[in-house]
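Have the sequence and the 3D view open as you read.

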Amino acid sequence: MRLPPPLPLLGGLLLLQGVWRPLRGDLVFIPPVIRMSGPAVSASLVGGTENVTVSLALVQDKMGLSPFPDFGVQDNETGDWSLTVTPSVVRPENSLEVTVRLKRSLQSCFSNETDSFSESPCVVQTLVVSAARNSSCLAHLLIQVEIYANSSLAHNASENVTVIPNQVYQPLGPCPCNLTAGACDVRCCCDQECSSNLTALFRDSCFPGVFGGDVNPPFDQLCSVQTAHGVPDWFPFLCVQLDNSPFLGLFYLGSISSGQRASPEVYLHADLKDFSDFGYKQGDPVMTAEKEYFTIPQVSLAGRCLRNAPVAFLQNFDVWCVTELDAYQEQDGAANAKVKNGAVGGIVTPKVIYEEATDLDKFITNTETLLSRGPAPRNVNVEEHYIFRWNNNTISEINVRIIRAEVNAQQKGIMTQRFTVKFLSYNSGNEKESSGNPGYQLGKPVRALSTNQTSNATTLHLWQSAGRGLCTSATFKPVLFGENALSGCLLEVAMNENCAQLRENAVELLDSLIPATHVAMRGNSDYNDLSDGWLEIIRADAPDTGADSPNSSANGVCLDVPAQLSVRILFSDAGAVEGITQQEILGVETRFSSVNWPFQCGLTCEDGAGFFPLSASVQFIKIPAQLPRPRTRFQINFTEYDCNRNEVCWPQLLYPLTQDYQGEPYPQCVAKGFLLLTFFVLAVVLSNPCTRTRKARNSATI
């Protein structure tokens, strides 16, 4: 079943009309024609959008023609569709986002449960979205709907019990792309629920690799693999006979799995072991007077925000959590919590200070316009900062600073929250925190110092983008030792801004990340003593922000604009303290990279603004404490014994007895080797080889 012939012609006329109208500044849909194959589509309405009304109607095509219905006429046949109009995120003053959704489900397309994938379209209609001002129609959006009853849209996952195979002998997921039970997944050629006719439609576009079902690829060392090229003569004696797929045996051996939906909360052990009365140890969970965990939202290894994660003693963290604003529920605050201090009967009550957020765009994005006033506004916590004062193995004081924001009770959007926990000594003042003693600890901030009187920098920074990703609204995060990182933001460029001003702004923003002049070699270098292991930052290739050539501005292209700041930090091992390797920084270099940037203003350039991307990267390079010995001429010319260039490695024949083996201490390996040699000699002696040899000679003589 296909669309009538006049509709493609009508769509072509709308497309041709939509190319020229934006150039004149008229109201127009972008794109003007959409072929809809899913439950929702979106388009942009660009131009003068003030006092514009948008309506949805169904195009009738009984006589072979397709006239648009009159604007404002209610169509009873559009009850299955919904129309939503929201301001655009990029330019909300003269752009609207128009979304058309199918309200009813596609479950009615199936005649029975076994018909999981229909070969004919489920919905075939033609819709038109009209934009008018003062009852005068100004723009049209043609939507050609042809929706198939896809398995991912029409079926829900089965709630029945799923039988899990024995993972010792076969992979847990032999077909990872089979995501929907009882239905055919498109492009998943290993899905057993797809018929041969359906598989033939997308056989040339199957998912490759492990996701597409190739979970047990054969390897060259398998005996059953017949390689086309020549193999050595000893291959049949040293090939692998058993199937040792890396996907086997990596999962818990279970039998069945229920289809119950997992709760988003974290389930803690029912029998909480509370040893806080005898003092805390590093890593112990902080307990409350009700013998429960003192919890603060944290981020798991999978990137998920855990709302009920316990706080560990003497472990700092700084995390960001993203949540839907309408689904957010405020938890019990820290003001009412009573924390056990680590002594018998000791209780600590947190001291809470509330502040109001000044810029909501840093925390709340993708907000939707409210059509009506709802209940009274509510307060949400966008930042929570906890400072624990510790004394030996007890907690002496807890200070909390909470930053709140007032939002509408029915407001929708995405909210970003920040939670920090820092443990400080009870007698520590405003002195700067160390990053190790004496060497740097992995994950601690890189200590920095500025000799200029205009800056009091203590570390190097990277951008922490928020909202629309603009540099003006981005915050800073410290550079952590041993962690390579990449960050960026968008610099807003005005239409009347010249290239020299653009270079100055870019250099100023990039220099704000490295305000220091020196970095500390060790994690405990004294800030008051510049000779105590402080290294000067090497700044290479300083950009030129002078005047540009007249041809560059006339062509709309700015030459040699600084766009990226690269920071390279060299470090190495500098000994050990109590068996723990100490690492120190040997040098820091910063380097700018420039690009030629053309100004891009979209459809119209009147009072427009462009966005110039800036980025910064930090790379840690480890330098060996001792340079490796150079290779000899024999090692360079003869590669037969080079294990990195040949499949056969004869030097590793006695690998457990070499210095490269790190599985056991070397003296223990030597002792085991001599023990095996003793057994071999003993077996030879007990076999009486001399007597056998003499008998063999006597028999030969006779």
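Is Asp532 buried, exposed or partly exposed? At 22% relative accessibility, Asp532 counts as partly exposed; buried means under 20% relative accessible area, exposed over 50%, and partly exposed in between (1.4 Å probe, protein chains only).

A word on the source: this is a predicted model, where local features need pLDDT of at least 70 and side-chain atom pairs count only at pLDDT 80 or more, while totals for chains, interfaces and linings use all residues. Residues are numbered from 1 along each chain as its sequence is written, and side-chain values use heavy atoms, with hydrogens and water left out.

Now for the salt bridges (a side-chain nitrogen of Lys or Arg within 4 Å of a carboxyl oxygen of Asp or Glu). The whole structure has eight of them, including these:

| Pair | N to O distance |
|---|---|
| Lys351 and Glu397 | 3.8 Å |
| Asp532 and Arg522 | 2.5 Å |
| Lys622 and Asp573 | 3.3 Å |

Lys622 sits in strand β30 (residues 609-622) and Asp573 in strand β28 (residues 557-577), so their bridge ties together parts 49 residues apart in sequence. Strands here are DSSP runs (E, at least two residues), numbered from the N terminus. Lys622 is partly exposed at 47%, and Asp573 is partly exposed at 29%.

Ser95 is buried because its relative accessibility is 9%. Beyond neighbours within four places in sequence, its contacts (heavy atoms within 4.5 Å) include Ser44, Leu45 and Pro87.

Methods:
Helices (H or I, at least four residues) and strands (E, at least two) are DSSP runs, numbered from the N terminus.
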